[in-house]
Amino acid sequence: MLLKAAPDLRWSDVTDERLYLHRRDFMRTAGAAVAGAAAALASVPAAAQTGTPIPNVAKSRFSTDEPLTEWDDITTYNNFWEFGIDKGDPAKHAGRLTTRPWTVTVDGHVAKGGEFAVDDLVKPHQLEERIYRLRCVEGWSMVIPWVGFPLASLLTRVEPTSKAAFVRFTTLNRPTEMPGQRRGALSWPYVEGLRLDEAMHPLSILAVGLYGRVLPNQNGAPIRLVVPWKYGFKSIKSIVRISLVDKQPRGAWEEAQPSEYGFYSNVNPEVDHPRWSQARERRIGEFFKRRTLMFNGYADQVAGLYTGLDLRKNY
Ligand SMILES: Nc1nc2c(c(=O)[nH]1)N[C@H]1C(S)=C(S)[C@@H](COP(=O)(O)O)O[C@H]1N2
Ligand SMILES: [Mo]
């Protein structure tokens, strides 16, 4: 049941802005995949691809229609501790990260694992725009138009075996390009995990872009996880390994502070962080705080994953 992308284009192909807009118009009116090749500039260095428009992005019924957070806020107010702990550090330092060549190893309890060049990993999948709320455990939130594809379509492809119960994700470990990794703020590399059924949920995506453009490094290029009903730290950036495992993985934050950060990390306004309330949040760009919603507003879609689980204990 894997979706096929239009075979003539790669998500990382370089096209110029007008061509991109024209393609979108054409798709809207013709309602068909666009034929013809993009002006691919294979020799353009990876870093230059950041911000490049991505062709053939479909709309998704899973998007919220709330107003979008501005590009400048999404790309300059970041948590990516590999580049420093201040919100402005990732935008300052992540430009140095080399994102090609980049391989993602898929291993563990899978029949068809391996080491994949990131573009090969992405290519078979129909890219979609997914406008999701993101709620950081620190008490702020954004509305982000990601470009990505369901994690489930990748997992289905690699064929998890019956022993696979969880998915463990690992970020790149490269202190030469990630100055934060030369300090011990967290234990590196950053790791996060999901239960297999959470990973297979249609809302869980791997993102490669935002606002229709190749993902800026500070947002987790070349590929990052987005799980919108969980606190933002579960949405691990710059992934190099996806492992199907039988034991519940221990994430970087759980490792650092197990009394404050649990495995589930579902957004829950009724369970306070030990040092602050989680009842309200500040939407970046807005002045007044708003009420935080259970499962970040995705309860209708995901509450069923947790029936029978005590969400106060399993925070
Ligand atoms: N590897 C890695 N992934 C990470 C983080 C990090 O420090 N390192 N921070 C997390 C946190 S706390 C949040 S809120 C989101 C922020 O994503 P954004 O900067 O794209 O909004 O990324 C998450 N993914
Ligand atoms: Mo966060």
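Ligand 1 sits in the largest pocket of this predicted model. That pocket has a volume of about 460 Å³, and 27 residues line it. Nearest the centre of the pocket are Asn79, Phe80, Cys136, Gly232 and Phe233. Among the secondary structure elements, strand S5, which covers residues 140-150, gives the most to the lining, contributing four residues. Sorted by class, the lining of the largest pocket consists of 17 nonpolar, six polar and four charged residues.

The ligand itself has a shell of 16 residues. Asn78, Trp81, Glu82, Ser235 and Lys237 come nearest to ligand 1 within that shell. Its make-up by class is seven nonpolar, six polar and three charged residues.

In Asn78, an N or O atom of the side chain is 2.8 Å from an oxygen atom of ligand 1. Trp81 approaches an oxygen atom of the ligand with its backbone: the N or O atom concerned lies 2.8 Å away. Glu82 uses its side chain, where an N or O atom is 2.8 Å from a nitrogen atom of ligand 1. Taken alone, the ligand exposes 540 Å², and the protein buries 99% of that area.

Beyond the ligand, the backbone has some features to inspect. Most peptide bonds are trans, and most residues other than glycine have a negative phi. Against that background, the peptide bond from Arg100 to Pro101 is cis, with omega near -5 degrees. Pro101 belongs to the loop between helix H4 (89-93) and strand S2 (103-108).

A cis peptide bond is also found between Trp188 and Pro189, where omega is about -5 degrees. Here the proline, Pro189, is in the loop that runs between strand S6 (166-171) and strand S7 (191-195).

The remaining backbone feature concerns phi. Phe295 is a residue other than glycine, yet its phi is positive, near 50 degrees. The position of Phe295 is in the loop between strand S13 (290-291) and helix H9 (299-302).

Key: Residues numbered from 1 in each chain as written. Chains lettered and ligands numbered in written order. Predicted model: local features only at pLDDT ≥ 70, side-chain atom pairs only at ≥ 80, totals over all residues. Heavy atoms only, no water. Near = heavy atom within 4 Å. Polar contact = N/O pair within 3.5 Å; in protein donor to acceptor, adjacent residues only side chain to side chain. Areas by Shrake-Rupley, 256 points an atom, 1.4 Å probe, with all protein chains shown as cover. 1 Å grid on protein atoms, 1.4 Å probe; cavity = no way out; pocket = protein on both sides within 12 Å on 5 of 7 lines; lining within 4 Å. Sits in = over half its atoms within 2 Å of the grid points. Nonpolar A, V, L, I, M, F, W, Y, C, P; charged D, E, K, R; others polar. Points joined across faces, edges and corners; volume = space filled by probe spheres on them. Helix = DSSP H or I, 4+ residues; strand = E, 2+ residues; numbered from the N terminus.
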